[in-house]
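Hi,

Here is the structure I promised to pass on. Have a look at it first, and then read on for what turned up.

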Amino acid sequence: MNHLVPAGHRADAQVITISGRVLDSDGQGVPDAVLEIWRADENGEYSNTGDPTPEGQPSGFARIPTNDDGKFEFRTIKPGATISDTGQTNAPHFVVVIFMRGLLRHLFTRIYFPQEQANAADPVLQRIPAERKHTLIAERARDCESDLSWNVRLQGEAETVFFDF
């Protein structure tokens, strides 16, 4: 498992595990994808360096490969809400960049938290049609608040929302 939990995280920080799969248009797992994860700290601040994990890795960034079945998993802290360049508050989220063989342009998306009150006012989520928002919001896994599930669907029905930057 990939750990993005800083060694010196606040005692009240929520540690979570997110697992899922990268799926092609036929629902088959993509074995050679890499998810680049970016997250703010508990205070909603991005850092160039960040507190390292116990393994010495930067804690706010990771590259996570999928396995032969397209599965991935990472453990991290829940980020705080961030402030955009325009002064708007973004709900807590992860920025995800997807790389893979045959993909000429990287795919940019986000992971939001289920039942997060701040999602209702998030300026990015407000631009997404209601019927597609669910593709950006993780689901609770195993009736545990700290285990979340989120899949990336590259094409087809329930395709994940991707952003042009």
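Of the 165 residues in the protein chain, 42% count as buried. Bear in mind throughout that this is a predicted model. The accessible surface of the chain comes to about 9200 Å², and carbon and sulfur atoms hold 46% of that.

On secondary structure, the chain has 12 strands and 1 helix. As for contacts with a separation of 6 or more, 67% of them are between residues 24 or more positions apart.

Let me start the details with His 93, which sits in strand 8 (residues 93-99). Buried or exposed, what does His 93 count as? It counts as buried, because its relative accessibility is 3%, and the cut-off for buried is under 20%. A polar atom of the His 93 side chain lies 2.7 Å from the backbone oxygen of Ala 91. Leaving aside residues up to four places away in sequence, His 93 touches Tyr 46, Pro 79, Thr 82, Arg 110, Ile 111, Tyr 112 and Phe 113.

Next, the aromatics. The count comes to 3 aromatic pairs. One of them is Trp 38 with Phe 61, a tilted pair with 4.6 Å from centre to centre and 55° between the planes. Trp 38 belongs to strand 3 (residues 34-39) and Phe 61 to strand 4 (residues 61-65), so this pair ties together parts that are 23 residues apart in sequence.

Phe 74 and Phe 94 are both buried. Together with Phe 113, they form one aromatic cluster. You will remember Phe 113 from the list of residues that His 93 touches.

Phe 113 has a charged neighbour too: Lys 78 lies over the face of its ring, at 4.9 Å from the ring centre. There is a second case of this kind, where the charged end of Arg 63 sits over the ring of Phe 99, 5.7 Å from the centre.

Arg 63 also leads us to the salt bridges. How many salt bridges does a search of the whole structure find? The search finds 4, and I will go through some of them here.

- Arg 63 and Glu 36 meet through their side chains, with 2.6 Å from N to O. The two residues are 27 apart, with Arg 63 in strand 4 and Glu 36 in strand 3, and the pair links distant parts of the chain. Arg 63 is exposed, with a relative accessible area of 52%, whereas Glu 36 counts as buried at 7%.
- Asp 32 and Arg 101 form a salt bridge at 2.7 Å, N to O. Asp 32 is in the loop between strand 2 (15-23) and strand 3, while Arg 101 is in the loop between strand 8 and strand 9 (107-112), so the bridge ties together parts 69 residues apart in sequence. Asp 32 counts as partly exposed at 26% relative accessibility, and Arg 101 counts as exposed at 65%.
- Arg 105 pairs with Asp 164, where the closest N and O atoms are 3.8 Å apart. Arg 105 is in the loop between strand 8 and strand 9, and Asp 164 is in the segment after strand 12 (152-153), 59 residues away. Arg 105 is exposed at a relative accessible area of 56%, and Asp 164 is exposed at 70%.

If you open the model, two places to begin are the cluster of Phe 74, Phe 94 and Phe 113, and Arg 63, with its salt bridge to Glu 36 and its position over the ring of Phe 99.

Cheers

Methods: Residues numbered from 1 in each chain as written. Predicted model: local features only at pLDDT ≥ 70, side-chain atom pairs only at ≥ 80, totals over all residues. Heavy atoms only, no water. Helix = DSSP H or I, 4+ residues; strand = E, 2+ residues; numbered from the N terminus. Buried < 20%, exposed > 50% of the residue type's maximum accessible area, 1.4 Å probe, protein only. Contact = heavy atoms within 4.5 Å. Areas by Shrake-Rupley, 256 points an atom, 1.4 Å probe, with all protein chains shown as cover. Polar contact = N/O pair within 3.5 Å; in protein donor to acceptor, adjacent residues only side chain to side chain. Phe/Tyr/Trp six-rings, centres within 6.5 Å; stacked < 30°, edge-to-face > 60°. Lys NZ or Arg CZ within 6 Å of the ring centre and 35° of its normal.
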